[in-house]
Amino acid sequence: MRSGGSETRKQTRYPLRAEAIVERTTGERVRASTVNVSGGGVLLQLEQESELRVGETVTCGVGLYKERPPQSWGTGRIVRVENCLVAIDFQQDVTAQPDSD
């Protein structure tokens, strides 16, 4: 089942396979793997179907280092759910450089 309307890509997506965790506001954690990433979002393959819904705000962690748990990439909004694929649009570009004062 597809939810979420038309797809608009603002940034280039790059294939990346890594462990990921989606944390809901309820505290529930959903295990997944990344399919592709961009500065503004991520496409995940869930290990099993979930109750995640379009419009839901979640925190996403991605494991880029061996033997370390996934590190937070930030908070975002689910913009697509299709079977076990979930697209998250981050509230802030994860590749943006912090301001230096």
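The backbone nitrogen of Arg 53 sits 3.1 Å from a polar atom of the Glu 56 side chain. A polar contact is a pair of N or O atoms within 3.5 Å; within protein, one must be able to donate a hydrogen and the other to accept it, and residues adjacent in sequence count only if both atoms are side-chain atoms. The model is predicted: local features need pLDDT of at least 70, side-chain atom pairs count only at pLDDT 80 or more, and totals for chains, interfaces and linings use all residues. Residues are numbered from 1 along each chain as its sequence is written, and side-chain values use heavy atoms, with hydrogens and water left out.

Glu 56 lies in the loop between β5 and β6. Beyond its neighbours within four places in sequence, Glu 56 is in contact (heavy atoms within 4.5 Å) with Arg 24, Glu 51, Gly 76, Arg 77 and Ile 78.

**Fold.** The protein chain has eight strands and zero helices. Strands (E, at least two residues) and helices (H or I, at least four) are DSSP runs, numbered from the N terminus. Among contacts between residues at least 6 apart in sequence, 48% join residues at least 24 apart. The accessible surface comes to about 6700 Å², and carbon and sulfur atoms hold 45% of that. These areas come from the Shrake-Rupley method with a 1.4 Å probe; for residues, only the protein chains shown count as cover.

Buried residues (under 20% relative accessible area; exposed is over 50%, partly exposed in between; 1.4 Å probe, protein chains only) make up 36% of the 101 residues. A nonpolar core is a set of buried Ala, Val, Leu, Ile, Met, Phe, Trp, Tyr and Cys residues joined through side-chain atoms within 4.5 Å. The largest such core has 19 residues, and Leu 44, Leu 52 and Ile 88 touch the most other members. Elements giving two or more residues to this core include β3 (19–24), β5 (41–46) and β8 (85–90).

| Residue | Relative accessibility | Class |
|---|---|---|
| Glu 56 | 15% | buried |
| Cys 60 | 1% | buried |
| Cys 84 | 16% | buried |
| Glu 67 | 85% | exposed |
| Asn 83 | 51% | exposed |

Glu 67 is in the loop between β6 and β7. Its phi is near 60°, a positive value in a residue other than glycine. Asn 83 is in the loop between β7 and β8, with phi near 55°, also positive. Disulfides (cysteine sulfur atoms paired within 2.5 Å) number zero.
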